[in-house]
Amino acid sequence: MNQKREIRTVSLIGLGAIGCFLASHLGPMMGNDFRVIAGGSRRQRLEQEGVTVNGVNYRFRTMSPEETCGQDYPDLAIIITKFPALPQALEDIRNQIGPDTLIMAPLNGVEAEDKVAEVFGWDNLLYSLAKVSVVMKDGCASFNPKAARIEMGEKYNEIVSPRVQAVKELFERAGIRTVVPKDMERAIWYKYMCNVSENQSAAVLGIPFGAWSVSSHANFIREKLMREVIAIAGKKGIDLSEKDMEKQAGVLKDVPPKNKPSTLQDIEAGRKTEVEMFGGTIIRMGRELGVPTPYNEMFYHGIKVLEQKNEGLF
């Protein structure tokens, strides 16, 4: 289905960092037409305490995974959990997915769309990613709205399809800057290259974004991790290059220097990380494609050691 229609109702699952960013824009504009899917104690906590984003407390309409929509399926479903929670999220949002519901899953990584399509098919699935540096502390999210954006679209967007235009118009009405790249697959791999290098090196070294603006040693490590991603992408026919590395070096200068990548935030908070989706996936793909990944192997195992330390194993 690709015809133009206004997006009037949205269901979202996952009120983590990026989920809070989206919900804080969509919820106030849409009211009860925006609903958050959550069950059990999490739903109760959201209803009683809400979420705090950039110092403002928000309360959203909630629905449990068991509740059905009748014929009131949302026009758009957004799945924005951490990658390890994606399988459960797909089950929990199943009752929200109607025959015409568009689906977006702007998770980290390069396999989210494949995982969603395994459950719901490709027909109503849009590609997407989020670019926003969110700091989560004591259950509160903070970010710079001017530096945040969503990139979304069909796999290729030489011409913007009607349904992509409808979602873009919704987001922009809500104040979410929205970009439609010509090649979404390449855009997703570009972000993945950045995440793999920045999240893993920051988590092991304990450094914030500002380190890459002042330390050639930190950049040496980050770039070695990036080049392994570029090599794998090339084997898959995705055009990433040294120019993309140079572009990201410039982007990093505009990130608040004390902000920390999400994997370092997870380690410091004692949470499980997304390292399987970062280094774990690169190591697996490297073995499948015959691409050596020694830097990713080192940092993957380093983060695993930090997780074990957090678990009290030693």
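**Packing, rings and charges**

Author: The buried residues of α9 pack against β9 (135-137), α6, α10 and α11. This is a predicted model, in which local features need pLDDT of at least 70 and side-chain atom pairs count only at pLDDT 80 or more, while totals for chains, interfaces and linings use all residues. Residues are numbered from 1 along each chain as its sequence is written, and side-chain values use heavy atoms, with hydrogens and water left out.

Reader: Which residues of helix α9 are buried?

Author: Helices (H or I, at least four residues) and strands (E, at least two) are DSSP runs, numbered from the N terminus. Buried means under 20% relative accessible area, exposed over 50%, and partly exposed in between, with a 1.4 Å probe and protein chains only. In α9, which spans residues 262-269, the buried residues are T263, L264, Q265, D266 and I267.

Reader: What is the phi of G270, the residue that follows α9?

Author: α9 is followed by G270. The phi of G270 is positive, near 75 degrees.

Reader: How far apart are the closest N and O atoms of K82 and D266?

Author: A salt bridge is a side-chain nitrogen of Lys or Arg within 4 Å of a carboxyl oxygen of Asp or Glu, and the structure holds 22 of them. K82 and D266 form one of these. The pair links distant parts of the chain, with K82 in the loop between β6 and α3 and D266 in helix α9, 184 residues apart. The closest N and O atoms are separated by 2.9 Å.

Reader: Is D266 buried or exposed?

Author: K82 has a relative accessible area of 34%, so K82 is partly exposed. For D266 the relative accessible area is 2%, which means that D266 is buried.

Reader: Which residue meets E268 in a salt bridge?

Author: The N to O distance in this salt bridge is 3.0 Å.

Reader: Which residues are joined with K272 into one network of salt bridges?

Author: K272 forms a salt bridge with E311, with the closest N and O atoms 3.5 Å apart. K272 lies in the loop between α9 and α10 and E311 in the segment after α11, 39 residues apart. Both K272 and E311 are exposed. Through salt bridges that share partners, K272 is joined with E276, K304, E307 and E311.

Reader: Which residues are in contact with L240, leaving aside its neighbours within four places in sequence?

Author: Contact means heavy atoms within 4.5 Å. With those neighbours left aside, the residues in contact with L240 are R186, W189, Y190, M193, I230 and A233.

Reader: Which residues form one aromatic cluster with F60?

Author: Rings of Phe, Tyr and Trp (its six-membered ring) pair if their centres lie within 6.5 Å; planes under 30 degrees apart count as stacked, over 60 as edge-to-face and the rest as tilted. A search of the whole structure finds six aromatic pairs, among them F34 and F60, edge-to-face at 5.5 Å centre to centre with 75 degrees between the planes. Y58 and F60 are stacked, 6.0 Å centre to centre with 5 degrees between the planes. The residues that form one cluster with F60 are F34 and Y58.

Reader: What is the relative accessibility of F34?

Author: F60 counts as buried because its relative accessibility is 14%, and Y58 counts as buried at 18%. F34 also counts as buried, because its relative accessibility is 0%.

Reader: Where is N54?

Author: Phi of N54 is near 50 degrees, a positive value in a residue other than glycine. Most residues other than glycine have a negative phi. N54 counts as partly exposed because its relative accessibility is 34%. The place of N54 is in the loop between β3 (51-53) and β4.
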